[in-house]
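Hello,

Here is the structure you were going to look at. Please open it first, then read the notes below it.

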Amino acid sequence: MKALEVKNLSFKYLIGKEKVFENLSLSINKGELVAIIGRNGSGKTTLCNLLRGFIPHLTQGDLEGDILLYDDSILKMDLSDLSDKIGYIFQNPFIQISGIKETVYEEIGFGLENLGVPRDEMIRRIEEIIKLLKIEDLKDKHPAELSGGQRQRVAIASILAMDPEILIIDEPTSQLDPKGTEEIFEIIKILKEQNKTIILVEHKIDLIAEYADRVILLNDKNIVFDGTTSEILSKEDVMSYGTNLPQIAKLGIEYNNKVEKLSKIPSVLEEAVEVFKDKV
Amino acid sequence: MKKGIVSKMYPLSKLIIALLLGITSIVVHQWQFGYFVVLPVMFMLALVDGKFKSYSKKVLSAMIIFFLFIFLVQAFFTPSSNIIWEWKFLKLSVEGLDKALNLTSTISVFLTTLLLVFETTNITDLMVSLQKTGMPNSAAYVFLASLQMIPEMSKRSKVIMQAQRARGIETEGNMWVRTKAFFPTLSPLIISSITDIGDKAATLEARAFSSSNPNSFYRDLSARRIDKILPWLILLACVLYMVWVFVPGIGGM
Ligand SMILES: Nc1ncnc2c1ncn2[C@@H]1O[C@H](COP(=O)(O)OP(=O)(O)O)[C@@H](O)[C@H]1O
Ligand SMILES: [Mg+2]
């Protein structure tokens, strides 16, 4: 089933000189983990904003085409009806706190208060999320005193508490160290197991290779590649669009070009073992 | 820590009582009300609530700042012929003294009651109690956010100042130097705040801020019976007091 669908979308920001997208189409199935990659400025964040309705509801621009959430046009929906359906985690962790709550615990409850979730249920969900994200140590802290990485985790917690079935996550790990990054991907894995639909913008390509079902590469106002993770992340061409390939895929490509043909370019460790096991 | 009787009171009730007393003081125009009734009662309540020290510090510093000034201006510069005390160009008159006492008494009523309200109330609790009576979310948000923004802004302006200093702009020294240094910090401060506001709209939207559902609240506040009755009792007392003051033959002016 299609959770989100973009139909012949063209978009230009009001103050932009050039279009960001031209006639882009895309559909995302329920339960899929789709990674969006592409060089800086290729429109990843813009696409996320469009899928969440922030564009055009909050940020205007010239827009053609349509964006559907389960067959209903997001363009015609009320923005307030989307908040419990599509969760959005921003690239910049510093803008993500409400700015009015005194503790992380209450910060996580903010969205639930706005949705009018009854207090008992609210507490249950806050506690559950705190446990899931292992942020017990932060719960009594003031949100403004947190580091970037801590804020990012609190932001994720705050959105997950609202329990949306679709999640858009824009570069969640850019402020995090390897351990923090690993923790976020652990959470993403759990969300995937809960059958959430996830749209993830991420630069750390090795992690995409490991976790994503599907990869979409944006470049020059449109999608250049769209396919399963192992299919896209084994293409040498990907590197000519300003994105990296997993180390393993690079090794495979190099080996394939210089040593001998491989049956398949691997993108994760298991595939590599499979491909190389009778070579050595 | 156990809460004192004032701290335990429902925030909205406290606020209403404070305003009732303030209004009464304006209406009756008797300086004794502020100085002999409200002021001692507020200090007593602060004492009972265990907040005496920080409360009296705030009240005194607020009084010293503008209270004394108002009192002196009113007392010595109200034109009149009934001079009771004189020194050089300073003339203290009966009318002047009366006016000064009345004005400062009213101010002290507002000051002492509201300071006690804020001293004994968590501001978020106050907002929640107001929201429950129908104050729009957005109004509560703006209020709370601006309160929290002040330390954030000053932190940010310090960072900008540091950056300016690194670029060789003088930021320390006399008043003039600092003023000159202040203006260049202003535009980055304003611009960064404005872009933050744009982002804030999306951030709040992501948290269902504009949802049409009625809000629920994590803070579990409810007015006890005493919280509901007390404002009415105070109102009754204030009305009786006004009657006593204004109706000839009863108390009477
Ligand atoms: N609010 C905006 N107004 C005008 N132009 C914008 C705005 N946000 C992004 N852009 C432009 O749109 C293009 C895509 O940006 P963005 O979606 O942020 O890319 P990415 O997230 O892939 O780095 C860039 O050229 C950027 O300068
Ligand atoms: Mg981006």
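**Domains of the two chains**

In chain A, 12 residues of domain 1 are in contact with 11 residues of domain 2. The domain assignment places residues 2-245 of chain A in domain 1 and residues 246-280 in domain 2. The centres of these two domains of chain A, taken over C-alpha atoms, are 32 Å apart. Please keep in mind that this is a predicted model.

Chain B is also divided into domains: domain 1 covers 11-121 + 222-246, and domain 2 covers 136-206. Taken over C-alpha atoms, the centres of domain 1 and domain 2 of chain B are separated by 36 Å.

**Backbone details in chain A**

The peptide bond that joins A:Ile55 and A:Pro56 is cis, with omega at about 5°. A:Pro56 belongs to helix α2 (residues 54-57) of chain A.

A:Tyr70 is not a glycine, yet its phi is positive, at about 45°. A:Tyr70 sits in the loop between β4 (61-69) and β5 (72-73) of chain A.

A:Asp163, which is not a glycine either, has a positive phi of about 55°. The loop between α5 (148-160) and β7 (166-170) of chain A holds A:Asp163. The relative accessible area of A:Asp163 is 46%, which makes A:Asp163 partly exposed.

**A nonpolar patch on chain B**

B:Leu19, B:Ile23, B:Ile26, B:Val27, B:Val239, B:Val243, B:Phe246 and B:Val247 make a nonpolar surface patch of about 610 Å². Helices α2 (11-28) and α9 (225-246) of chain B are the elements that give two or more residues to this patch. Helix α2 of chain B gives the most, with 4 residues.

B:Val27 is found in that helix, α2 of chain B. B:Val27 is partly exposed, at 36% relative accessible area. Patch residues need over 30%, so B:Val27 passes that cut-off.

Regards

Conventions:
Residues numbered from 1 in each chain as written. Chains lettered and ligands numbered in written order. Predicted model: local features only at pLDDT ≥ 70, side-chain atom pairs only at ≥ 80, totals over all residues. Heavy atoms only, no water. Patch = residues over 30% accessible without salt bridge, like charges linked within 9 Å, V, L, I, M, F, W, Y side chains within 5 Å. Areas by Shrake-Rupley, 256 points an atom, 1.4 Å probe, with all protein chains shown as cover. Salt bridge = Lys/Arg side-chain N within 4 Å of Asp/Glu carboxyl O. Buried < 20%, exposed > 50% of the residue type's maximum accessible area, 1.4 Å probe, protein only. Domains from an automatic or database assignment. Contact = heavy atoms within 4.5 Å.
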